[in-house]
Structure formats: structure tokens, C-alpha cells
Amino acid sequence: MAQGKTKGLQAKASNNSRHAAKAAANTKKGKRAIAPKKPILVKQAAMKKELTAKINKSIERQMVSAASSGPLTIMKNTIPEASSSDTKSKPGK
């Protein structure tokens, strides 16, 4: 009877290891973050999350307002066209 029990335990162990190996192969990319446990650090993390959300929302609003008013000038090249055409016309230097 002892042999039958060990067979069952061995089979279950091999199944679990296969699942563990499969899970380990599909780990998520990126930085791992451990949630803070101390009350002060929890409060700081919550405040940082709120501020980040507010900043991102404000940037998105600015981009939407810039896009709706006309062409996006934020992404435009700031080099004057006259000086760029001079350098292009003299490639032999």
C-alpha cells in the first residue's frame, strides 16, 4: 500500500513542476514594485499616484487644445528654412 501512495504523490509533484515551469517561462516584463507597508509611505505613494495622474491629465488637455486650434506646432522643427536651404545648396564644401 505504501508503494501506491508514493506513486500518486510523485505524479502530482511532476504536474505541479510542469505548471510552475510554464508560469516561470511567461513572466511579465518590467520593473517589480513592492507595495509600501508603513502608513507614511502608503500615504506618500497615494499622493504621488494622484499627482502623476493630474500632471498627465493636464498634459493631455494641453495637447488636445493645441491639436484642436490648428496644426501641432510643438513637434515642428525650429530651424529657420533660409539657413537650411543654404546648407543644402552647397554640398561640395
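**A helical model and its nonpolar patch**

Leu51 is partly exposed, at a relative accessible area of 45%, where partly exposed lies between buried (under 20%) and exposed (over 50%), using a 1.4 Å probe and protein chains only. This residue sits in helix 2 (residues 39-69); helices are DSSP runs of H or I with at least four residues, and strands runs of E with at least two, numbered from the N terminus. The model is predicted, with local features requiring pLDDT of at least 70. Residues are numbered from 1 along each chain as its sequence is written.

Together with Met47, Ile55, Ile59 and Met63, Leu51 makes a nonpolar surface patch of about 450 Å².

Overall, the protein has three helices and zero strands, following the pattern α-α-α along the sequence. Of its 93 residues, 1% are buried.

Confidence is expressed as pLDDT, the predictor's score for each residue from 0 to 100. The protein averages 75, and 58% of the residues score at least 70. Helix 2 has the highest mean, 93, while helix 3 (residues 81-89) has the lowest, 54. Where pLDDT is low, predicted coordinates should not be read in detail.

Conventions. Predicted model: local features only at pLDDT ≥ 70, side-chain atom pairs only at ≥ 80, totals over all residues. Heavy atoms only, no water. Patch = residues over 30% accessible without salt bridge, like charges linked within 9 Å, V, L, I, M, F, W, Y side chains within 5 Å. Areas by Shrake-Rupley, 256 points an atom, 1.4 Å probe, with all protein chains shown as cover. Salt bridge = Lys/Arg side-chain N within 4 Å of Asp/Glu carboxyl O.
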